[in-house]
Amino acid sequence: LADAKFFFETDKKVTLESRLEGLKNLIFQNKLGSIHDKVERVAKISKSIAENLHINEGKCERASLLCKCDLLTDMVGEFSDLQGIIGGYYAKHDGESEEISIAIKEHYLPRFSGDNLPANPVGRVVAISDKLDTIVSLFGINQPPTGSKDPFGLRRSAIGILRIIVENGLDLNLAELIDSAISAQNQNKLLPETKELVFQFFLERFRSWYKEDGISSSVFESVYAVKPQRPLDFHLRVQAVNAFTELPESMSLAIANKRVSNLLSKY
């Protein structure tokens, strides 16, 4: 505790903003540059999402730029689990707004299955942007998850993004989100099929989500066939089809619809 107090008091002598330049010395991934490069991309994505959701763009951009600065603090160097959390406290100490401070704390959420989601609108935007940048970046350089190997936690990040969108009722277009993440990149480094690969990856995450919820594969496939681009729309369709299948008359209606479709296909 004495060490923690010492680190805390020492860290507060320097602002988070003054640490931003130092992120250029932290490598995110060899082909993708530094953490500084990453937060600049996240800021661009956040600005685009904020505009779409009518949330303060300046706060989202600011929170994005500061969200990784605590990686350079003594406190996180000693207690790595505090990244994000301690950054929020330091941001508040620096005089940053409440929304920005909370967003820095929340942008790693959800960290695991069933974890809390960001409660702050700015935090939701930064959390989506940070995770989306990681997914698009790794797929773009042909390093998707393989089998049980997922060193960057891309599956967890994708489920996190879908949960934030669906459980908060955010009307966001997944294809447009991916486009914004690709636009923030040096596109010459990315595979040309990055958008399609990432879009398919997200739809497959929905498959595992509904499987855990006990929704039949036939219900999922009926919606998957249409490939809705809005996660909230996808979720509502699955819920509607699932509710329909539980009706006693659903089977006879489905059979009748199939017969009509077969007849119409002949003309």
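The reply below starts with the whole chain and then turns to the packing.

Reply: This is a predicted model, so every value here is computed from a prediction. The protein chain has 14 helices and two strands. Its C-alpha atoms fill a box of roughly 75 × 40 × 35 Å, taken along the principal axes. The chain has 267 residues, and 46% of them count as buried. Take the contacts between residues at least 6 apart in sequence: 63% of these join residues at least 24 apart.

Now to the helix pairs. Two packed helices are described by the angle between their axes and the distance between the axes.

Begin with helix H10, residues 174-183, and helix H11, residues 194-212. Their axes are 10 Å apart, and the angle between them is about 135 degrees. An angle of over 145 degrees would count as roughly antiparallel, so H10 is oblique to H11. The crossing of these two helices is right-handed. On the H10 side, the contact is made by Leu174, Ala175, Ile178, Asp179 and Ile182. On the H11 side, Thr194, Lys195, Val198, Phe199 and Phe202 take part. Sorted by class, the contact of H10 with H11 has seven nonpolar residues, one polar and two charged.

Leu132 and Phe202, together with Ile135, have the most contacts inside the largest nonpolar core, which has 69 residues. Helix H8, residues 121-140, gives the largest share of this core, 10 residues. In soluble globular proteins, nonpolar side chains tend to be buried together.

Asp130, in helix H8, is a charged residue by class. Its relative accessible area is 6%, so Asp130 is buried, since buried means under 20%. Setting aside neighbours within four places in sequence, Asp130 is in contact with Lys38, Val42, Lys68 and His107.

Asn120 sits in the loop between helix H7, residues 98-106, and H8. This residue is buried too, because its relative accessible area is 10%. Apart from residues up to four places away in sequence, Asn120 touches Glu99, Ile102, Ala103 and Glu106. Asn120 and Asp150 are 30 residues apart in sequence, and their C-alpha atoms are 28 Å apart in space.

Helix H7 has its own packing partner in helix H4, residues 57-66: the two axes come within 9 Å and cross at roughly 45 degrees. That angle makes H4 oblique to H7. H4 passes H7 in a right-handed crossing. H4 brings Lys59, Arg62, Ala63 and Leu66 to the contact, and H7 brings Glu99, Ile100, Ala103 and Ile104. By class, this contact of H4 with H7 divides into five nonpolar residues, no polar and three charged.

H7 also meets helix H6, residues 85-93. The buried residues of H6 are Ile86, Gly87, Gly88, Tyr90 and Ala91. They pack against H7, helix H1 (2-11), helix H2 (16-19) and H5. H6 is followed by Gly95, whose phi is positive, near 95 degrees.

Beyond its neighbours within four places in sequence, Val76 is in contact with Asp70, Leu71, Leu82, Gln83 and Ile86. Ile86 is one of the buried residues of H6. From Val76 to Asp171 the separation is 95 residues in sequence and 35 Å in space, C-alpha to C-alpha.

The last pair is helix H9, residues 154-167, with helix H13, residues 231-245. Their axes come within 8 Å and cross at roughly 75 degrees. H9 and H13 are therefore roughly perpendicular to each other. Leu162, Ile165 and Val166 in H9 meet Pro231, Leu232 and His235 in H13. The residues of this contact of H9 with H13 divide into five nonpolar, one polar and no charged.

Technical notes. Residues numbered from 1 in each chain as written. Predicted model: local features only at pLDDT ≥ 70, side-chain atom pairs only at ≥ 80, totals over all residues. Heavy atoms only, no water. Axes fitted to C-alpha atoms, helices over the stretch in contact; angles between N-to-C directions. Helix = DSSP H or I, 4+ residues; strand = E, 2+ residues; numbered from the N terminus. Parallel < 35°, antiparallel > 145°, perpendicular 65-115°, else oblique. Left-handed = near helix turned anticlockwise from the far one by under 90°. Contact = heavy atoms within 4.5 Å. Core = buried A, V, L, I, M, F, W, Y, C linked by side-chain atoms within 4.5 Å. Buried < 20%, exposed > 50% of the residue type's maximum accessible area, 1.4 Å probe, protein only.
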